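Trainee: I'd like to learn how to read a model like this one. Could we go through it feature by feature?

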Amino acid sequence: MAILAPPAHAADPTPEITVGTQEVGLTAGYLLPERLTKHHVTKQQGPAIMPSWMITLTDPIGDGWYRGQVLIGAEVVYIQSQEPVLTHGIGFTPKIEYTFTADNQIRPYVEFAGGPFWTDLGDKIPEESFEMNFILTAGVGISYFVTSQASMNVGYRFQYFSNAGTSYPNYGINSSLPSGGFSFCFLVGAPGDTTTLTTVDTCPHWLHRPLGR
Amino acid sequence: MTRALTGFIALLAGDCSHWIELTDQPTPLLPSQTTVASDLRVPLLLETVPITQNGAPLGVSPTLERQVLGAFEATQLFSQYFQSGHAQPAPSQAYVTLRLSMNNRVGPHSGETACRGFVIGASMFLLAPVISLDYDYGAEMALEVERWDGQVKQYTASSSGSAHYSLFGASPHVIKELTGQVTDACLASLLEQFVRDHTFYLADGSSQSEPTIHTVSVGVRRPTADAHPVSTNAPVSSQ
């Protein structure tokens, strides 16, 4: 593993995020119920923890305020519902994120994630009847880079899970999830300086040295 | 084409994280032997190399300037090598001035890459080994060489290539390797043209005079393959 910026740049919080830059993070929040229809009566709430990994797929796209980069990755979602009963849920969700890079240090993002989600809340509430579900997440947030590699994040997510019609009733559960956390960016397998334009030696190898010197 | 197919199959098999395909390669020529009398050689001055990317100014790259100067130095066709902004030849001295400009053409396929990334994520990363991501890069160089008496010759060269990599092989070093190989090929093409005219840059326009003769072997790299499969586990390095 190599560090994104050399130690001399450690005080510069401007991140150099390029294609292949990876990011690990930990986000925590508190789940709040969103009862959108008359069928939704459960006031589920409790803490959530989401460790994540992402990789940057693109160079910055576009110009102006919407200039940004696409990342994909995955996260593990753990949700403990303390109301109406103590239950646990865990899921694995691939995610895609668009980070706005117009500002170097403060970078808003939008994210979408979805995947399988198991929770024993499923058979304890009137909206859901099965423990195996699928969770979908849409969120927005802001990353504040405190160093060139580390950032603090705050955001809001809207979450929905249901069992995709594998069992009834299946009204789904909607939740709001304000959250905060931190991320750390790094490169894997980086053999040295990342700032040079090319990898060619100063003296190209296709030119032979003088024979008679 | 066969090598490209081999590279892709290797990618599918999972034993390659990326491979690079160069196009527009210079026509490979046989290495030539050039004999240059040392008293005919004059100093060379490389002026600052402006770089543009897709036509937009990108500034200068000291690394590229060192690379270019090193390439010309390796020909041993000149007596001294100067870089603009550093030591200069004496004003009364006859010398050759190089003015090189470079334009990069970058094709990151960002939209396509984002869509493929979405598909890879939706497949729970199961398709990561079989969906390759692409990055195109091209370089165009224009070289103007001015002799001490004001005579000017101009040369142009271009080269381009593509890097294909899997999601887990995505790395800035793949891009660096691509840009390095493309720049390498472009500079080789330019140098090949320049060396053909080397007598024009000698003090009396001849390369066969005595007394002190150094034999200089100048050759252009002969591309060995259209595609270069690269091992997954080893750190990426240029060839």
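Mentor: Strands and helices here are DSSP runs, numbered from the N terminus (helices H or I, at least four residues; strands E, at least two), and two strands pair if DSSP finds at least two bridges between them. In chain A, β4 (residues 87-100) and β5 (residues 106-119) pair antiparallel over eight bridges. Across that pair, A:Ile96 stands opposite A:Phe112 of β5(A). Keep in mind that this is a predicted model: local features need pLDDT of at least 70, side-chain atom pairs count only at pLDDT 80 or more, and totals for chains, interfaces and linings use all residues. Residues are numbered from 1 along each chain as its sequence is written, while chains are lettered from A and ligands numbered from 1 in the order in which they are written.

Trainee: In what order do the strands of chain A close into a barrel?

Mentor: Eight of them close up in the order β1-β2-β3-β4-β5-β6-β7-β8, with antiparallel pairing. On average, neighbouring strands of this sheet are turned by 25° against each other, direction ignored.

Trainee: And which helix packs on that sheet?

Mentor: Helix α3 (residues 110-122) of chain B, which touches β3 (68-81) and β4 of chain A. The direction of α3(B) makes about 175° with that of β4(A); axes are lines fitted to C-alpha atoms, for helices over the stretch in contact, and angles run from 0 to 180 degrees between N-to-C directions.

Trainee: Which residues of α3(B) are buried?

Mentor: A residue is buried if 20 or more other C-beta atoms lie within 10 Å of its own, exposed if 12 or fewer, and partly exposed in between, with C-beta atoms placed from the backbone. In α3(B) the buried ones are B:Thr113, B:Ala114, B:Arg116, B:Gly117, B:Ile120 and B:Gly121. They sit on the same side of α3(B), because they cover an arc of only 165° around the axis; the arc is that of the directions from the helix axis to the C-beta atoms. These buried residues pack against β3 and β4 of chain A together with β8 (133-146) of chain B.

Trainee: What does β8(B) pair with?

Mentor: With β9 (residues 152-165) of chain B, antiparallel, through 14 bridges. B:Met141 stands opposite B:Ala157 in β9(B). Five residues lie between the strands of this hairpin, where B:Gly150 takes a positive phi near 95°.

Trainee: How do I read a nonpolar core, and which residues have the most contacts inside the largest one?

Mentor: In soluble globular proteins, nonpolar side chains tend to be buried together. A core is a set of buried Ala, Val, Leu, Ile, Met, Phe, Trp, Tyr and Cys residues joined through C-beta atoms within 7 Å. The largest has 57 residues, and those with the most contacts inside it are B:Leu44, B:Val68, B:Met141, B:Leu178, B:Cys186, B:Leu187 and B:Leu190. Helix α4 (residues 172-196) of chain B gives the most to this core, with 12 residues. Apart from it lies another core of 10 residues, including A:Ala48 and A:Phe117.

Trainee: What is B:Val68 in contact with?

Mentor: Contact needs C-beta atoms, placed from the backbone, within 7 Å. Neighbours within four places in sequence aside, B:Val68 contacts B:Leu46, B:Val49, B:Leu100 and B:Leu187. B:Val68 is also among the buried residues of α2(B).

Key. Two residues are in contact if their C-beta atoms, placed from the backbone, lie within 7 Å.
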